[in-house]
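Q: Can you walk me through this model? I have the coordinates open and would like to go through a few spots.

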Amino acid sequence: MTREAGAARPHRALRAPEATRSNALPAGAWWLWALGLATAASRTTNPLLLGLLVGVAGYVVAARRTDAPWARSYGAFIKLGLFVVGVRLVFSVFLGSPVPGTHTLFTLPELPLPDWAQGVRIGGRVTAEQVVFALYDGAKLATLLICIGAANSLANPARLLKSLPGALYEVGVAVVVAMTFAPNLVADVVRLRTARRLRGRPTGGIGAVLQIGLPVLEGALERSVAVAASMDARGYGRTAEVPASVRRTTNALTLGGLLGVCAGTYALLSAQGAVYGLPLLPAGLAAALAGLGLGGRRTVRTRYRPDRWGARAWLVAGSGAAVAGAMFWAAAADPAALYPGVVPLTAPVLPLWPAAAVLIGLLPAAVAPVPPSASPKNSQEQA
């Protein structure tokens with residue numbers, strides 16, 4: 001063995017492998033990573049940190065996105081985020097803002113309102129402080145949406161549904177049927193519009209929509225019903241006999257646990273609710289998992305090719321959790337850096353160690369398996 005071959009082998013071992021059916025990351029790992037970034041975005045209004053989070057999510061999506069239809073949704077979430085920022089600005093300009101300001105940009109004609117509508121105004125003075133506050137607030141929500149869009153682009157929805165616990169089995173069947181209906185609906189619309197165009201018939205207008213709509217709905221519904229029938233023929237939806245006491249315990253644990261998770265999450269995302277949010281969230285999560293475990297006894301089925309969580313999946317999910325944890329710590333240690341001041345109006349400053357913590361979210365771009373279309377081998381073959 002030559003020295004060059006020995007040096008190339010460790011480098012090849014460190015490189016992420018090409019994605020196959022056996023080593024593809026579970027969809028839950030991508031969702032945990034994206035939710036970690038979204039949680040970090042909820043703890044700051046610093047536009048520099050929010051932009052860094054968007055850049056991290058976009059780079060990972062560009063590096064590990066496949067050619068699947070759901071992978072094209074990331075651009076739509078970016079447009080939705082920009083739309084949210086625009087709507088937030090419009091509301092702030094026309095409906096005012098509680099943020100006081102001294103730097104007047106312009107003044108709109110103010111609509112007089114009755115006495116019972118005190119505190120609400122339409123039009124009036126628009127200040128730089130309220131516009132900047134609206135930009136910060138809209139950018140925060142837009143970053144949350146973009147992080148969720150990254151999960152939608154990277155996670156296979158079919159594999160995510162396959163990973164559902166047994167207690168949510170019937171819900172998974174309904175979602176599969178619904179997800180089958182929507183793509184078939186779009187495919188039928190494209191097919192019928194193309195057929196009408198080739199025959200010289202108009203494809204726009206109310207008349208064309210009425211003539212296309214009924215066949216499209218009928219065809220998509222027939223395919224969805226066929227999928228449901230095939231799933232029922234394979235044993236989907238069949239349940240085992242469970243005592244009434246177990247069912248009541250399952251419902252109580254699941255409902256109470258989900259309420260605890262919601263209340264704990266809301267407390268953690270609020271400014272002063274971490275005291276009771278930290279113990280409430282794990283307690284609710286434990287109760288919900290116990291309820292889902294008991295509810296899984298109702299299903300009598302086996303799992304074909306279950307997703308296995310390997311080291312790479314844990315690294316991807318852990319990177320998102322690390323970013324969220326670092327942002328929580330930074331919000332408690334130095335809140336001024338994460339929430340730049342608006343009154344008085346000051347320029348935001350990029351805090352160094354929270355920014356370095358956000359860069360941990362780039363880890364999936366190095367450890368996640370490379371999609372076949374983006375692998376270096378396929379790139380060389382196409383060249």
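Q: Is alanine 331 buried or exposed?
A: Alanine 331 is buried, with a relative accessible area of 14%. Buried means under 20% relative accessible area, exposed means over 50%, and partly exposed is in between, with a 1.4 Å probe and protein chains only.

Q: Before going on, what are the ground rules here?
A: This is a predicted model: local features need pLDDT of at least 70, side-chain atom pairs count only at pLDDT 80 or more, and totals for chains, interfaces and linings use all residues. Residues are numbered from 1 along each chain as its sequence is written, and side-chain values use heavy atoms, with hydrogens and water left out.

Q: Back to alanine 331, where is its place?
A: Alanine 331 lies in helix H11. Helices are DSSP runs of H or I with at least four residues, strands are runs of E with at least two, and both are numbered from the N terminus.

Q: What does alanine 331 touch, not counting residues up to four places away in sequence?
A: Arg43 and Leu338. Contact means heavy atoms within 4.5 Å. The C-alpha atom of alanine 331 is also 9.4 Å from that of proline 354, 23 residues apart along the chain.

Q: Zooming out, how many helices and strands?
A: The chain has 15 helices and two strands.

Q: What share of the residues is buried?
A: Of the 383 residues in the chain, 34% are buried.

Q: And what about the accessible surface of the chain?
A: About 22300 Å², with 67% of that belonging to carbon and sulfur atoms. The areas come from the Shrake-Rupley method with a 1.4 Å probe, and for residues only the protein chains shown count as cover.

Q: What part of the contacts is between residues 24 or more positions apart?
A: Among contacts with a separation of 6 or more, such pairs account for 79%.

Q: Now H2 and H11: at what angle do they pack?
A: About 10 degrees, with the axes of H2 (residues 27-42) and H11 (residues 311-333) 8 Å apart. Axes are lines fitted to C-alpha atoms, for helices over the stretch in contact, and angles run from 0 to 180 degrees between N-to-C directions. H2 and H11 are therefore roughly parallel. Angles under 35 degrees count as roughly parallel, over 145 as roughly antiparallel, 65 to 115 as roughly perpendicular and the rest as oblique.

Q: Which residues of H2 and H11 make the contact?
A: On the H2 side they include Trp30, Trp33, Gly36 and Leu37, and on the H11 side they include Val316, Gly320, Val323 and Phe328. The contact of H2 with H11 has 13 nonpolar, four polar and no charged residues. Ala, Val, Leu, Ile, Met, Phe, Trp, Tyr, Cys and Pro count as nonpolar, Asp, Glu, Lys and Arg as charged, and the others, Gly among them, as polar.

Q: How does H2 pack with H5?
A: The angle is about 175 degrees and the axes are 9 Å apart. That makes H2 roughly antiparallel to H5. Among the residues in this contact are Trp31, Ala34 and Ala38 of H2, and Lys140, Cys147 and Ala151 of H5. By class, the contact of H2 with H5 has 14 nonpolar, three polar and one charged residues.

Q: Is alanine 151 buried or exposed?
A: Buried, with alanine 151 at 0% relative accessibility. Apart from residues up to four places away in sequence, alanine 151 touches Trp30, Trp31 and Ala34.

Q: Which residues have the most contacts inside the largest nonpolar core?
A: Trp30, Trp33, Leu37, Leu53, Val316 and Leu338, in a core of 38 residues. H2 supplies the largest share of this core, nine residues. A nonpolar core is a set of buried Ala, Val, Leu, Ile, Met, Phe, Trp, Tyr and Cys residues joined through side-chain atoms within 4.5 Å.

Q: What is tryptophan 33 in contact with?
A: Leaving aside neighbours within four places in sequence, its contacts include Ala57, Val60, Leu154, Val316 and Pro364.

Q: New topic: where is the cis peptide bond?
A: The cis bond joins valine 343 and proline 344, with omega about -5 degrees. Proline 344 sits in the loop between H12 and H13.

Q: And proline 371, buried or exposed?
A: Proline 371 counts as buried, at 3% relative accessibility. Proline 371 is in the loop between H14 and H15 (376-382).
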